[in-house]
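Reader: Hi! Could you walk me through this one?

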Amino acid sequence: MKLAKSMAMGMLSLAALAYSCGGGGSSDSSSESSSSDSAPAPAASSQSLEDKYKDDPVFVAGSAKAKEAGCTACHMVERKIVGPSYADVAAKYENTDENVAMLTSRVIKGNVGEWGEVPMPAHPHLENDDVETIVKYVLLLKK
Ligand code: HEC
């Protein structure tokens with residue numbers, strides 16, 4: 001009886017130890033669960049933007065043109081690479097005709113200083129209409 005009791009106590013303190021270790025983040029299961037905890041954040045947001053708009057004709061037309069025009073070398077939907085993410089651009093500007101025209105001309109002429117020191121090169125070879133199609137798609141990407 002006494003033995004069983006002290007074994008039970010031993011199990012309890014072992015469990016407490018294991019628990020506190022897990023709490024420190026050193027156990028596999030805890031790092032697994034924390035990575036699956038943090039995974040939904042980017043997954044959910046990339047899902048929310050690309051999945052949210054993937055059937056929108058503005059999205060379909062604009063994302064195809066953006067690839068064609070090479071914008072994807074410097075811009076991603078939700079991650080800043082060389083240039084700001086499209087989601088950040090969409091968050092900064094209201095989706096108005098004026099902003100579409102303003103951003104279209106910035107893309108064609110190039111721009112610097114709005115997002116930092118890195119300039120966006122000019123794209124004089126692109127058609128105004130094509131760039132507009134892309135800019136409308138960019139401004140669509142609001143969360
Ligand atoms: C060589 C890299 C590069 C390429 C290619 C590029 N961009 Fe950019 N883009 C940038 C950088 C860097 C900025 C930030 C410029 C600034 O701070 O003013 C930017 C900014 C922008 C902005 C925001 C402008 C503003 O005034 O806030 C838009 C919209 C944009 N790019 C769209 C495009 C489109 C559309 C294309 C394809 C035709 C494209 N970019 C191709 C690097 C690039």
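Predicted model: local features only at pLDDT ≥ 70, side-chain atom pairs only at ≥ 80, totals over all residues.

Reader: Great. How many helices and strands does the protein have?

Author: There are seven helices and zero strands. Helices (H or I, at least four residues) and strands (E, at least two) are DSSP runs, numbered from the N terminus.

Reader: And what percentage of the residues is buried?

Author: Of the 143 residues in the protein, 17% are buried. A residue is buried if 20 or more other C-beta atoms lie within 10 Å of its own, exposed if 12 or fewer, and partly exposed in between, with C-beta atoms placed from the backbone.

Reader: On to the ligand: which residues are the closest?

Author: The closest are C71, C74, G83, E114 and M120, and 29 residues surround the ligand. Here a residue counts as near if its C-beta atom, placed from the backbone, lies within 6 Å of the molecule.

Reader: Which helix gives the largest share of that shell?

Author: Helix 7 does, with four residues. Helix 4 (57-69), helix 6 (97-109) and helix 7 (128-140) each supply at least two.

Reader: How do the shell residues divide into nonpolar, polar and charged?

Author: The shell has 20 nonpolar, seven polar and two charged residues. Ala, Val, Leu, Ile, Met, Phe, Trp, Tyr, Cys and Pro count as nonpolar, Asp, Glu, Lys and Arg as charged, and the others, Gly among them, as polar.

Reader: Nice. At what angle do the axes of helix 4 and helix 7 cross?

Author: They cross at roughly 120 degrees, and the axes come within 8 Å. That makes helix 4 oblique to helix 7, since angles under 35 degrees count as roughly parallel, over 145 as roughly antiparallel, 65 to 115 as roughly perpendicular and the rest as oblique.

Reader: Which residues of helix 4 and helix 7 make the contact?

Author: Among them are V58, F59 and K65 of helix 4 and D130, I134 and Y137 of helix 7. Two residues are in contact if their C-beta atoms, placed from the backbone, lie within 7 Å.

Reader: Last one: why does S48 count as partly exposed?

Author: Because S48 has 13 C-beta neighbours inside 10 Å. S48 is found in helix 3 (residues 40-53), and the C-alpha atoms of S48 and K143 are separated by 7.3 Å, though these residues are 95 apart along the chain.

Conventions:
Residues numbered from 1 in each chain as written. Axes fitted to C-alpha atoms, helices over the stretch in contact; angles between N-to-C directions.
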